[in-house]
Amino acid sequence: MILPIVAIVGRPNVGKSTLFNRLVGRRKAIVDDMPGVTRDRNYETVTRFDVPFILIDTGGFEPESSDRLLQQMREQSRLAMEEADVILFLMDGRAGLNPADVEVVEMLRRVDKPVFFVVNKVDGETLEVAASEFYSLGVDNLLTVSAEHNRGVRDLMDEVVAALPQRTTSPEERNATKIAVVGRPNVGKSSLVNRLLGYERVVANPTPGTTRDSVDTWFTCNKKRYLLIDTAGIRRKGKTTQKIEKYSVVDSLRSIERADVVLIVLNAEEGVTEQDERIAGYAFEAGKACIFVVNKWDAIEKDNSSVGRFVDKIRTEFKYLAFVPIVFVSAKTGQRLNRIMEEVDKVMAQYVKRVTTSELNRIFSAAVESHHHPLVMGRRVKFYFATQVGTRPPTFVIFTNRPDGMHFSYERYLVNKFREAFDFTGTPLRLLFRGRER
């Protein structure tokens, strides 16, 4: 379905992420007592109520601020309100009515869509009485809840669900390609996402770690549907000293699990690091199609052999990802950005490719005849036939008399033969060895 969208907005630290997690039914957004933890719009599909919808958690909305990051967070909240079909404006019942709340309410009165004014952190009769001051805002649909204690949330959602528009099913979204953008902090992931989309979808700031939650965006390119996932930068385990960053790493790894294609973003100025290797390893182990995106290529001095040297470096450091294409780009200037989506389409086609059993066994038999498996405990290894059993990634079952004796080097040999014959660019292959069926 093309799902309706509900956006949660409000000042920093009023409990937006707590309500978001309550409605989602799990800890999706990062929650912390430090104001400003959520900086980008964070999306999740909610199916726990009578009508499914997409829920957006936003960074804190400050009507006026000279701080650059707060200004960007305010802009993200405005974009969320523009995208939404229903808006939940959250206020803090413990802190009381704030002048900034009054300003935002005045702005929301002019919005031509359902807006629910919600006083959060009202977890008892005393606070219920104190919350009466919010009626001075003169709004019709003022509701009190405690997201933390699940008080009043069901009543709120009954009204929200009733206000959701009816949407039709979109066949395109069922066939969309999901792309995760991953890499170390400050390699330019958010700038890359904004360039690909053509507008500032996520906060791009020189401060490492600006993106803390994974951010989802649907878009269309050349009449094809895509879901773009911008993830928080993955730091080395020893560097994730702040509680917030530890959650972000987990969120990034979950985003890799959700994706079909993973863009592994490298910083051309810093070269390949040990942490880049770890991140690429996460994507490979998850069985995802991959593309190396070397960003900030405009920032280094180049000669005729610069590209070749960098390619050699990547191939040396990532031997197990020799099948992954490499794109050199600049998110800052837009240089070669069109190549990314071209490569996404190519590797996605290989990621879902199926080969016929007859053609597969022709290649398989020739490979086995050309190079025999070493003896296992003095016995010859016999191979019977192979068949493809899945895609995303392409997965093959090979029947043999010694499924428990397969040497990893021979498995790698067969993978290379399959890749060479069928062009499986950008995607890992999985081989499963089974005993002969009787």
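This note comments on the salt bridges and on one helix–helix contact in the structure above.

1. Basis of the note. The structure is a predicted model, in which local features need pLDDT of at least 70 and side-chain atom pairs count only at pLDDT 80 or more, while totals for chains, interfaces and linings use all residues. Residues are numbered from 1 along each chain as its sequence is written, and side-chain values use heavy atoms, with hydrogens and water left out.

2. Salt bridges overall. A search of the whole structure gives 19 salt bridges (a side-chain nitrogen of Lys or Arg within 4 Å of a carboxyl oxygen of Asp or Glu). The points below take up some of them.

3. Lys121 and Asp92. These residues form a salt bridge whose closest N and O atoms are 3.1 Å apart. The pair links distant parts of the chain, 29 residues apart: Asp92 lies in strand β4 (residues 86–92) and Lys121 in the loop between β5 (115–120) and α4 (125–130). Helices (H or I, at least four residues) and strands (E, at least two) are DSSP runs, numbered from the N terminus. Lys121 is buried, at 18% relative accessible area, and Asp92 is buried as well, at 8%. Here buried means under 20% relative accessible area, exposed over 50%, and partly exposed in between (1.4 Å probe, protein chains only).

4. Asp158 and Arg154. A salt bridge joins these side chains at 3.3 Å, N to O. Both residues belong to helix α5 (residues 153–163), and because they are 4 residues apart, about one helical turn separates them. Asp158 is partly exposed, with a relative accessible area of 38%; Arg154 is also partly exposed, at 43%.

5. Arg278 and Glu274. In this salt bridge the closest N and O atoms are 2.7 Å apart. The two residues are 4 residues apart in helix α9 (residues 274–285), separated by about one helical turn. Arg278 is partly exposed, its relative accessible area being 34%.

6. A network. Salt bridges also link Glu125, Glu128 and Arg151 in a network.

7. Helices α7 and α11. The axes of α7 (residues 189–197) and α11 (residues 337–351) come within 10 Å and cross at roughly 85 degrees. Axes are lines fitted to C-alpha atoms, for helices over the stretch in contact, and angles run from 0 to 180 degrees between N-to-C directions. The two helices are therefore roughly perpendicular to each other (65 to 115 degrees). Leu192, Arg195 and Leu196 of α7 make the contact with Leu337, Ile340 and Met341 of α11, contact meaning heavy atoms within 4.5 Å.

Conventions
Angles under 35 degrees count as roughly parallel, over 145 as roughly antiparallel, 65 to 115 as roughly perpendicular and the rest as oblique.
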